[in-house]
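User: Could you walk me through this fold?

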Amino acid sequence: MNLLNLAILSYALAYTPEELSNFAQQSEFDTYDGIHVRYFGNSSEESRKIQDYIDHANDVFWAFTGYDHSELCKSQDVDVLDITLEEINNRSSMRWVSWHIFSHKVYGLYRPTYAYRERAEIFISHDVTISEKQRAYLVAHELSHYWQDMLCRDQSEDDADAFGRWFMHLSDD
Ligand SMILES: [Zn+2]
């Protein structure tokens, strides 16, 4: 199979957000640098909270991390999919994930952009066992991966974790 066929096959296998979950809430907004965000979730209250986390995390990311805005190599819009813990760990619907690298459940995921996809994807999960603080952490952690992608850098788990923890403490009060 040549590369072109592979790309077409990947495109055909891509799902629409609606196929992943029953989203009762969908909203759209612009955040840092005019980036367009589509949020797929379950309530307008959660939608507002996640939008606040995203706006705040984007501002502090550029103000306080060592990453340099002038080094951005691309600008892509992003979908945020707020799904259940069970859905995010469903290996048959989340076929694109390299599951062999995870020995535990996942709570958030970042799906990088490729030539055939115009939008990046951030997955965050919700469950009775996930606190609001942990949700703030997940948003910041996955946003950090998004910016690493937009900077054409290697994905750094350490940086994403450090930023997530820091943002979670900022959002404490
Ligand atoms: Zn990560």
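Here are some questions and answers on the model.

User: What is the order of elements from the N terminus on?

Analyst: This is a predicted model, where local features need pLDDT of at least 70, side-chain atom pairs count only at pLDDT 80 or more, and totals for chains, interfaces and linings use all residues. Residues are numbered from 1 along each chain as its sequence is written. Helices (H or I, at least four residues) and strands (E, at least two) are DSSP runs, numbered from the N terminus. The protein has 6 helices and 5 strands, and the order is α-α-β-β-α-β-α-β-β-α-α.

User: Which strand does strand 3 join through 7 bridges?

Analyst: Strands pair if DSSP finds at least two bridges between them. Strand 2 (residues 35-41) runs parallel to strand 3 with 4 bridges, and Phe-40 sits opposite Leu-81. On the other pairing, Val-80 faces Ile-122, and the 7 bridges there go to parallel strand 5.

User: How many residues of strand 3 are buried?

Analyst: Buried means 20 or more other C-beta atoms within 10 Å of the residue's own, with C-beta atoms placed from the backbone. Across the 173 residues of the protein, 27% are buried. Strand 3 (residues 78-84) is mostly covered, and its buried count is 5 of 7.

User: How far apart are the end C-alpha atoms of helix 5?

Analyst: The expected span is 1.5 Å times one less than the number of residues. Helix 5 (residues 132-150) has 19 residues, so it should span 27 Å, and the end C-alpha distance agrees: 27 Å.

Notes: A residue is buried if 20 or more other C-beta atoms lie within 10 Å of its own, exposed if 12 or fewer, and partly exposed in between; C-beta atoms are placed from the backbone.
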